[in-house]
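Look at the fold below.

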Amino acid sequence: MSNAPREWRTRYYDDKGDRIASEIFLARSISQAVAFARKRAPAGAVKVRVGRYGEGRWEGPVNVKAEAA
């Protein structure tokens, strides 16, 4: 399996469930993609979904802010 970066697409949602932004970037894994998406979330974003560009399968939605431990 190659460890080369791949294109990932993100979709950011507000508290009403409306999509407010999307973005395409490079990451090596789904966990790296989710961490990157959480850091770059726009103001007002509550949830984010991450998927491989062009595949049509999405991970999430996950909370933008990490859960309190």
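**The core and strand β1**

W8, Y12, F25, A27, A33, V34, A37, A45, V48, V50 and V64 form the largest nonpolar core, 11 residues in all. Such a core is a set of buried Ala, Val, Leu, Ile, Met, Phe, Trp, Tyr and Cys residues joined through side-chain atoms within 4.5 Å. At least two of its residues come from each of β1, β2 (19-27), α1 (30-39) and β3 (47-52). Helix α1 gives the largest share, three residues. Helices (H or I, at least four residues) and strands (E, at least two) are DSSP runs, numbered from the N terminus.

This is a predicted model: local features need pLDDT of at least 70, side-chain atom pairs count only at pLDDT 80 or more, and totals for chains, interfaces and linings use all residues. Residues are numbered from 1 along each chain as its sequence is written, and side-chain values use heavy atoms, with hydrogens and water left out.

Take Y12 next. Y12 sits in strand β1. Y12 counts as buried because its relative accessibility is 1%; buried means under 20% relative accessible area, exposed over 50%, partly exposed in between (1.4 Å probe, protein chains only). Its side chain makes a polar contact with the side chain of E23 (3.2 Å). A polar contact is a pair of N or O atoms within 3.5 Å; within protein, one must be able to donate a hydrogen and the other to accept it, and residues adjacent in sequence count only if both atoms are side-chain atoms. A polar atom of the Y12 side chain also lies 3.2 Å from the backbone oxygen of A37.

T10 belongs to strand β1 (residues 6-13) too. T10 is buried, because its relative accessibility is 0%.
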